[in-house]
Structure formats: structure tokens, C-alpha cells
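Here's a quick briefing to read with the model open beside you. It goes from the overall fold to the pocket and then to a few aromatic side chains.

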Amino acid sequence: MYVTKTELTTVTLFYDAFYDFGIPGVLLFACILGGVASILVGKLNNMKNPMGFVLYGQFAVYMLLSFFTTWFSNPTTWFYLAVTGIMAFYCSRQ
């Protein structure tokens, strides 16, 4: 028995940005995601916070899987990124 979920499709990461905002939206979205990825990779060498590694890993998995579905247009994704970011911030202050 096959189960089809409409939210798990093969649309790419930039589909929603293009559909909503056109080429400028895709460029802006790509720059934001690239900037966040660059910041995380840059801080990875000096990172001592274990939750920072979890945040980096979570973001990396979302980027890996984003070709197959629109992870970043899913509110649950942003919720878990925010919770992990809050925990990483809290652990860095200890």
C-alpha cells in the first residue's frame, strides 16, 4: 500500500521563493541561506558549544534534503531551528 503525502514532493528548495517573489526572491533566499551556511562553517573550527554542533548538523541535513522538498517553507522546520538556536545560545552563555 502506497502512502502519498502532498507535503513531501520533489519540488526544489527555491520553488516557493520563485512562485511568490520571482527571480529577486530566489536570489535573496539563496544569499540568506548561503550566508547562514558560511557563518556556521566559519564558526565550526572554533566551536566548543555542543549545541552549536547540533545546530550545524541540523542545518546541514536540511540543506542536503532541501533539493527534494521545501524544508524551509515548512513552519516545523523553522520551529526546530529556532529551538535548537535558543538552546545553543543558552549553552554558550553557561
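**Fold at a glance**

Going along the sequence, the chain reads α-α-α. That's three helices and zero strands. Keep in mind that this is a predicted model.

- The chain has 94 residues, and buried ones make up 24% of them.
- Its accessible surface comes to about 7100 Å², with carbon and sulfur atoms holding 72% of that.
- Take the contacts between residues at least 6 apart in sequence: 51% of these join residues at least 24 apart.

**The largest pocket**

- Two elements each give two or more residues to its lining, namely α1 (15-44) and α2 (50-65).
- The lining residues are Leu40, Lys43, Asn46, Met47, Lys48, Asn49, Gly52 and Leu55.
- Sorted by class, that lining splits into three nonpolar, three polar and two charged residues.

**Phenylalanine 53**

- You'll find phenylalanine 53 in helix α2.
- Is phenylalanine 53 buried, partly exposed or exposed? Its relative accessibility is 40%, so it counts as partly exposed, given that buried means under 20% and exposed means over 50%.
- Setting aside neighbours within four places in sequence, phenylalanine 53 is in contact with Leu44 and Met47. Met47 also turns up in the lining of the largest pocket.
- Lysine 43, another of the pocket-lining residues, sits ten residues from phenylalanine 53 in sequence, and their C-alpha atoms are 9.9 Å apart.

**The aromatic pair**

- How many aromatic pairs does a search of the whole structure find? The search turns up one.
- The partners are phenylalanine 79 and tyrosine 80, with ring centres 5.3 Å apart and 65° between the planes.
- That geometry makes the pair edge-to-face, because planes over 60 degrees apart fall in that class.
- Tyrosine 80 has a relative accessibility of 43%, so this residue counts as partly exposed.

Notes: Residues are numbered from 1 along each chain as its sequence is written. This is a predicted model: local features need pLDDT of at least 70, side-chain atom pairs count only at pLDDT 80 or more; totals for chains, interfaces and linings use all residues. Side-chain values use heavy atoms; hydrogens and water are left out. Rings of Phe, Tyr and Trp (its six-membered ring) pair if their centres lie within 6.5 Å; planes under 30 degrees apart count as stacked, over 60 as edge-to-face and the rest as tilted. Buried means under 20% relative accessible area, exposed over 50%, partly exposed in between (1.4 Å probe, protein chains only). On a 1 Å grid over the protein atoms alone, a cavity is a set of points where a 1.4 Å probe fits but cannot get out, and a pocket is an open set with protein on both sides within 12 Å along at least five of seven lines; lining residues have an atom within 4 Å of a point. Helices (H or I, at least four residues) and strands (E, at least two) are DSSP runs, numbered from the N terminus. Ala, Val, Leu, Ile, Met, Phe, Trp, Tyr, Cys and Pro count as nonpolar, Asp, Glu, Lys and Arg as charged, and the others, Gly among them, as polar. Contact means heavy atoms within 4.5 Å. Accessible areas come from the Shrake-Rupley method with a 1.4 Å probe; for residues, only the protein chains shown count as cover.
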